Amino acid sequence: MNALNKAKEPFKFYTQLHMPELTGLEAANLQELLDLIKTVPGSVIYHHTHRFLQQHQYLSPEPPNDFAYWITGILGEEELGEALYSIDTIQYTTILELRDEIVRTIENYIVQHPRSLHKFATPGEEFHFVKSVSFIFQTPYTASDLKEFQAVLQRVTINSIYFHMFEARLRIGQGTNDFSNWLEDSLSEKKLANKIASLDPYTHTMENLRVTLIKLIEKRIVESMEKPSEAELAFPKP
Amino acid sequence: MPKITDYEPIVGSHTIEELRILAGKLQGKVIQNINSTAVGGGVAEILNRMVPLLQELGVDARWDFIKGGESFFNATKKFHNALHGKSEEITPQMFEIFMETSQRNIDEVKIYGDVMFIHDPQPIVLIKKKASMPDSKWIWRCHIDVSTPNKQVWDFLTPFIHQYDGAVFSAPGFSQPLLIRQFLISPSIDPLSDKNKDLPQETIDKVLEKYHIPKDKPIITQISRFDYLKDPVGVIEAYRLVKKRIDCQLIIAGGTATDDPESTKVFAETKEAAGNDHDIYILPIPSGSDIEINALQRASTVIVQKSLREGFGLTVTEALWKAKPIVASSTGGIPLQVKHKYSGLLCHSISGAAFAIKQLLNSPDYAKRLGENGREHVRHNFLLTRHLKDYMLLFLCMYHPEDVVYL
């Protein structure tokens, strides 16, 4: 099989958009923040740990975590902020696990730095809890081989890439994503699938992630013109 | 008036395509916007642009108005100021006038939308018609900063608000404890309007020439109307701290309302604070001079928004869109737009503002990077196209109570 071979099933591109819904809940210090992080719905934790990915398309990546940003910038607890920034989001396959890690990190810090509880945000700078209502729908794009796949990746919005790379990880679990799944199952491109699955998408900007994906695929297309694929080696033509 | 395709070079054709798909999901639904006026004011400005673009995308969006006499609008102006937190005397008679006019509008305004999108307090009582249209969805769009509302007015409005299916606010801090769903929709700027479109260098130079502003030193600018809450005198004090170390000039430009005695007073005080410093330019810009404002922003080295209190702060959005490094107070909607050290610098005091301005003037590469980040942030979050997307998602939310919606 080479890059122009057809997939068993075409890849259908979906996209995901978010509507922020206000919860009316707010925190003015670390204890209030912690108590609410423990009790708010998962869609709230999702919003504050993932919205940065779609909303902040800076030229450089930045910490994708509202809690860390507020704790550092408003409460001035830089050490805790750093600990929260550096939580390796990608290793958590559910929002519940991610929430537990955030809670653990804050609780440990409070034990070591009890005076941090005495710091309050000035009025107007409280942390406001917001949840994301997610809308998922199909785009007109499909891909049946690697070349088509690469072409569509250039055309879809970052929201579509977000859906298949980030949302999929939480939806499917097992640390993988829709692109890798399809590449492996439908195109027998296991090596390429693994390369994409091992990317840490949380430390790329979305546009940078798009470029990285396209380059990986491009490289595979060039290779496939030169040498046989894993599938061809495993099942040589008679 | 720009067409939806005119935005493609700015946000990408894929974004417009996504908007079209979303519009398709609203097929068969009539969206009826109601506010109090067709011209003048921010709400009319938004609807004038949004309604035709929604229609072009395929959404059956319409726009109607309520009617009211002078006494009604005098009362609602007072309500508006009071909701903003300004001290106003609100009399029982004002509430009576408000209810009388509202009842006339209930009798006269034709209500036909599947989704009723009611803007601001003036038409809020129309919700009484909901009972006669059981399948309709009603949304109250609050464009006002109600973070510290006058309790008397807010308590008067609350029973009406609670009859709506949802309310929309512009910043998280504006929301109030309510029994209904509350959504967050930030305002937006139109990148193709006179205030924000790209300008040739000659136009910028002409405006500088008009006001006799030389280009030989860095320009610090604050664009805002002459209002105590915008702290123009504080901006002059910050400039003076900067000027001790860096030779620069300051522009404070904005509208003055001739019928607003406070504005005239603030303008006079700002002029007085400027004294005879020839590097300070206090410019009253008449309304409708959007290209001049645009040019002054583009000519600036650093843009300042040192407000003591701010609504959303669209002048900040405009500055960021022009990729200008910005120093702004951490108030109102500004922290939503400026992430400290990523897309600008936030400050809390005159000396803090001066320090941040000096940092930017002395580190042009850093300033450039902040400005470019700011422009990208606005491109993704605060342009008209994002606003269109949010409105369509909001309408869809009325039919989907769940957190994850598969369309």
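Is the crossing of α4(A) and α5(A) right-handed or left-handed? It is right-handed, meaning that the near helix is turned clockwise from the far one by less than a right angle.

Some ground rules: this is a predicted model, where local features need pLDDT of at least 70, side-chain atom pairs count only at pLDDT 80 or more, and totals for chains, interfaces and linings use all residues. Residues are numbered from 1 along each chain as its sequence is written, with chains lettered from A and ligands numbered from 1 in the order in which they are written.

**Stop 1: the helix pair.** Select residues 78–85 (α4) and 95–112 (α5) of chain A; their axes come within 10 Å and cross at roughly 160 degrees. (Axes are lines fitted to C-alpha atoms, for helices over the stretch in contact, and angles run from 0 to 180 degrees between N-to-C directions; helices are DSSP runs of H or I, at least four residues, and strands of E, at least two, numbered from the N terminus.) So α4(A) is roughly antiparallel to α5(A), the word for angles over 145 degrees. Show Leu80(A), Ala83(A) and Leu84(A) from α4(A), then Ile102(A), Thr105(A), Ile106(A) and Tyr109(A) from α5(A): these make the contact, counted when C-beta atoms, placed from the backbone, lie within 7 Å.

**Stop 2: between the chains.** Now bring in chain B: 35 of its residues are in contact with 30 of chain A. On the chain A side, β2(A) gives the largest share, nine residues.

**Stop 3: the strands.** Ile136(A) is the residue opposite Tyr406(B).

Notes. Angles under 35 degrees count as roughly parallel, over 145 as roughly antiparallel, 65 to 115 as roughly perpendicular and the rest as oblique. Two residues are in contact if their C-beta atoms, placed from the backbone, lie within 7 Å. Two strands pair if DSSP finds at least two bridges between them.
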